[in-house]
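Hello,

Here is the structure I promised to pass on to you. Please open it beside this message, and then read on for what turned up.

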Amino acid sequence: MDEQLKLDGNAAAGSLGEVFPFEMTMAEVVCDHCASENFVGALMVYQPPMTLGTVVRCPGCDNVLMRVVHNSGHYWLEMRGARHLRIPDGSSVAAGEAAAEE
Amino acid sequence: MATQPRPAAQPGRLLWRVGEVFEVVEETPTTKSLVLSVPGWEGHKAGQHVDVRLTAEDGYQVQRSYSIASAPEDERLAITVDRIEDGEVSPYLTEDLMAGDGLELRGPIGGYFVWERGLGGPLLLVAGGSGVVPLMAMLRHRAASGSGAPAKLLFSSRSQEEVIYRDELERLAEADEKLEVVHTLTRSQPEGWEGYARRIDEEMLREVAPSPSEEPLTFICGPTPLVEATAAALVELGHDPAGVKTERFGPTGG
Ligand SMILES: Cc1cc2nc3c(=O)[nH]c(=O)nc-3n(C[C@H](O)[C@H](O)[C@H](O)COP(=O)(O)OP(=O)(O)OC[C@H]3O[C@@H](n4cnc5c(N)ncnc54)[C@H](O)[C@@H]3O)c2cc1C
Ligand SMILES: [Zn+2]
């Protein structure tokens, strides 16, 4: 893997925004391999050739957490490597929680 | 499968739309700002980006991400693009696109690499080359919103001519004693230059960055090697990794 092509989770936000109706960089993911928990914005994204879609990896152990491919009329979302995804729904409860964490 | 009705696109999803180039501003010999009019633009936060998509006559499409340069308070959306020699997208954006042309884009995108007035400070911003773009949106927002958060920008450029937003940064820093802008010029320096003249390293960060005990909100943006070296050095200096946010732009530059 060419280290130079490494980007941040932010770079996948556009692709994820095609699938999810939420802002996804503030969603939290737990890695199924090393159990570390990160914001999607803090994950690693490798810039693949466009046809291979977007690959999002764990910054701790490099495990593939998500793969998004848009191909012949379908979105493919593979999330085998992620235990769960916790997505703020944008409501005031989530906003209040974020404020309380500050 | 084919007989099943397709669900309608959800309103919350990110959709492509067409903006119009309102103005092209030359920032440096290789960098231009594109000021855009985007009908129905809902506003953005400093640090977010847009995806830009170009479509060739034969239908071939390419897309790239560009950080938003303008403050949320500004009337129009702006991006700043550095021309990468032999690039697929940036030479078109910096050389062919003119006022009045349409540009397909989607956004605003992102919420993690974002600073808003309410988050306070102190702010530590570290940029290499065009990596200054989202950090400039933060500084513009900081000024426009009257935030008194102390802020420091450490900005690495190859030469003085290649310093993006040089005049505006100077003006902002002169008018504001809580803002400090520190340049390092890595390839060539003007005569009499007394500032840094090397790549960003741990020693430079020790001198420039607030101490870890001040718990700065840190945003690092630019070419991937610069971002990684800076983030690693800050953690080495004792900064909490959770307070250090990064945005890698790709291979080189800066
Ligand atoms: C979230 C995000 C925000 C970004 N914001 C900005 C921005 O505000 N302003 C801006 O100018 N760019 C920004 N970029 C980089 C931008 O998306 C493109 O990668 C860049 O413009 C090059 O695209 P290209 O099609 O011209 O070159 P490509 O055709 O992709 O690449 C041509 C050659 O240049 C190399 N290359 C690719 N990217 C870079 C790079 N960044 N520096 C040096 N060499 C490179 C490639 O390896 C290849 O050899 C951002 C990237 C991301 C992920
Ligand atoms: Zn992991």
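**A ligand between two domains**

Domain 1 (17-109) and domain 2 (117-250) of chain B both give residues to the shell around ligand 1, so the ligand lies between them. The domain bounds come from an automatic or database domain assignment. Before going further, please keep in mind that this is a predicted model, in which local features need pLDDT of at least 70 and side-chain atom pairs count only at pLDDT 80 or more, while totals for chains, interfaces and linings use all residues. Residues are numbered from 1 along each chain as its sequence is written, and chains are lettered from A and ligands numbered from 1 in the order in which they are written.

Ligand 1 is surrounded by 27 residues, where a residue counts as near a molecule if its C-beta atom, placed from the backbone, lies within 6 Å of it. The closest are B:G87, B:E88, B:V89, B:S90 and B:G250. Strand 4 (61-67), strand 5 (77-82) and strand 11 (244-250) of chain B are the elements that give two or more residues to this shell. Helices (H or I, at least four residues) and strands (E, at least two) are DSSP runs, numbered from the N terminus. By class, the shell has 11 nonpolar, 11 polar and five charged residues; Ala, Val, Leu, Ile, Met, Phe, Trp, Tyr, Cys and Pro count as nonpolar, Asp, Glu, Lys and Arg as charged, and the others, Gly among them, as polar. Residues from chains A and B surround the ligand, so the site is shared between chains.

**Where the parts touch**

The centres of the two domains of chain B, taken over C-alpha atoms, are 23 Å apart. Each side brings residues to their contact: 16 residues from domain 1 and 16 residues from domain 2. Two residues are in contact if their C-beta atoms, placed from the backbone, lie within 7 Å. On the domain 1 side, strand 1 (17-28) and strand 5 of chain B give two or more residues.

The contact between the chains takes 18 residues from chain B and 19 residues from chain A. Which strand gives the most to the side of chain B that touches chain A? Strand 11 of chain B does, with four residues. That side of chain B divides into five nonpolar, eight polar and five charged residues.

**A closer look at strand 5 of chain B**

Six of the six residues of strand 5 of chain B are buried, meaning that 20 or more other C-beta atoms lie within 10 Å of a residue's own, all placed from the backbone (exposed is 12 or fewer, partly exposed in between). B:L77, B:I79 and B:V81 point one way from the strand, and B:A78, B:T80 and B:D82 the other way. In a regular strand the side chains alternate between the two faces of the sheet. Strand 2 (residues 31-37) of chain B runs antiparallel to strand 5 of chain B, joined by six bridges, and B:V35 has B:A78 as its bridge partner.

**And chain A**

Chain A has two helices and eight strands. Its open sheet of five strands has the order 1-4-5-6-7, with antiparallel pairing; two strands pair if DSSP finds at least two bridges between them. Strand 1 (6-8) and strand 7 (74-78) of chain A are the edge strands, each pairing on one side only. Of the 102 residues in chain A, 30% are buried.

Happy exploring!
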